Amino acid sequence: MAIISSGGTAAPGPAGPRRTASPRPGSVDPGGVCAGSLVNPVARPDEEPVHREDGLRPRRLADYIGQSELKQVLRIAVEATRSREEALDHVLLYGPPGLGKTTMALVLAEELGVRCRITSAPALERPRDIVGLLVNLQPREVLFIDEIHRLNRVAEEILYPAMEDFRLDLTVGKGTTARTRSLALAPFTLVGATTRAGSLSSPLRDRFGLIQRLEFYGQGDLEAIVQRAAGLLHLALQPCAAAEVARRCRGTPRIANRLLRRVRDVAAVGGHGRIDAALVDEALALHRVDGRGLDASDRRLLSLMVEAYGGGPVGLETLAAGLGEDPATLEAVVEPFLLQLGFLQRTPRGRIVTPAGRAHLDGPAAVAA
Ligand code: ADE
């Protein structure tokens with residue numbers, strides 16, 4: 001039976017679950033105008049490497065700030081699973097990038113006392129990639145597949161019996177000599193993550209016992225996340241400065257931590273021991289992040305809609321062409337936060353800028369543009 005081992009190697013983490021590192025391309029093509037942006041929630045290749053311990057990630061549910069409903073559901077599921085000594089039911093986490101789906105998978109593994117193998121669907125190109133990962137899983141381990149909506153059909157079909165019956169159905173040989181062999185797998189938990197739950201096939205979606213959405217974070221939770229990160233980075237951050245970072249991070253912890261690092265740079269270069277709101281403002285203005293967390297590409301989108309299309313309605317493809325942007329990036333990366341802010345609406349006839357969006361463009365919070 002030709003089973004070839006998985007693409008990644010699992011190395012023990014310093015004190016936590018072991019992880020399998022794989023390339024983590026952005027969930028959509030992060031190219032285009034927003035690729036280099038400080039407030040693009042898609043992880044940059046140079047940050048948050050999952051194969052290395054990222055000091056800012058919470059490791060336990062108790063340290064994970066926000067997402068209270070999700071935590072409550074998972075806390076109960078983990079506790080019940082542990083008492084039954086079973087593998088946790090498969091979990092699908094969906095929501096915009098940067099909200100902590102990978103972090104939650106690692107937290108789950110930590111809570112279950114098992115290691116977490118991390119990969120992403122684009123890395124599972126050949127059948128042997130997914131087969132290698134599955135056969136190497138130990139009982140109750142967590143397999144995290146990022147961007148699971150991008151899984152190809154063959155990989156998806158290998159997953160069905162694996163998820164349902166912890167069984168691998170393999171075809172051995174070719175043509176008339178081809179036979180199907182089944183191989184028992186260790187009971188495991190698949191944690192799938194996606195920014196596009198609607199793009200998952202229903203047979204795959206139906207095999208997840210827990211399907212949970214991650215929400216944008218509120219101001220209070222973000223302030224707490226920024227304060228926690230500042231503590232870990234040994235920064236003297238005043239509460240008003242934490243509030244300022246929280247206001248500008250688009251409800252997204254990944255962006256909050258990224259902004260905080262840029263503020264730290266400015267503080268270090270300027271020799272500022274204590275960081276106040278004015279310093280945050282100075283640092284983020286440098287990166288053209290405005291008072292509500294919009295960057296130049298957000299403002300370009302809103303301005304294009306107002307100036308060229310009278311505020312809309314206007315189609316996604318038209319806007320993408322006008323901005324020289326990829327429509328998928330526009331839809332998955334730029335739009336969600338503008339929708340969340342109520343600056344943009346999607347209607348059956350196209351996108352429209354709301355009065356709040358227009359007011360922001362004309363107002364003082366947009367001065368960094
Ligand atoms: N860092 C990033 N996300 C976090 C969260 N949800 N809680 C605590 N720290 C975080």
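Residues are numbered from 1 along each chain as its sequence is written, and side-chain values use heavy atoms, with hydrogens and water left out. Since the model is predicted, local features need pLDDT of at least 70 and side-chain atom pairs count only at pLDDT 80 or more, while totals for chains, interfaces and linings use all residues.

**Exercise 1.** Determine which residues of helix α9 are buried and what they pack against.

Step 1. Helices (H or I, at least four residues) and strands (E, at least two) are DSSP runs, numbered from the N terminus, and α9 covers residues 277-286.

Step 2. A residue is called buried under 20% relative accessible area, exposed over 50%, and partly exposed in between (1.4 Å probe, protein chains only). In α9, the buried residues are Leu 279, Val 280, Ala 283 and Leu 284. They cover an arc of only 125° around the axis, and therefore lie on the same side of α9; this arc is taken from the directions from the helix axis to the C-beta atoms.

Step 3. Ala 278 and Leu 286, on the other side of α9, are exposed.

Step 4. Contact means heavy atoms within 4.5 Å, and the buried residues of α9 pack against α7 (239-247), α8 (253-270) and β11 (274-275).

Step 5. Following the chain just past α9, one comes to Arg 288, which takes a positive phi of about 60°.

**Exercise 2.** Describe the salt bridge between Arg 117 and Glu 141, and say where in the chain its partners lie.

Step 1. A salt bridge is a side-chain nitrogen of Lys or Arg within 4 Å of a carboxyl oxygen of Asp or Glu; the whole structure holds 21 of them.

Step 2. For Arg 117 and Glu 141, the N to O distance is 3.9 Å. The pair links distant parts of the chain, 24 residues apart, with Arg 117 in strand β4 (residues 116-120) and Glu 141 in the loop between α3 (127-135) and β5 (142-146).

Step 3. Arg 117 is buried at 6% relative accessibility, and Glu 141 is buried as well, at 5%.

**Exercise 3.** Examine the salt bridge between Asp 265 and Arg 262.

Step 1. The closest N and O atoms of this pair are 2.9 Å apart.

Step 2. Both residues belong to helix α8, where they are 3 residues apart, so about one helical turn separates them.

Step 3. Asp 265 is partly exposed at 34% relative accessibility, and Arg 262 is partly exposed at 24%.

Step 4. Elsewhere, salt bridges that share partners join Glu 244, Arg 247, Arg 248 and Asp 281 into one network.
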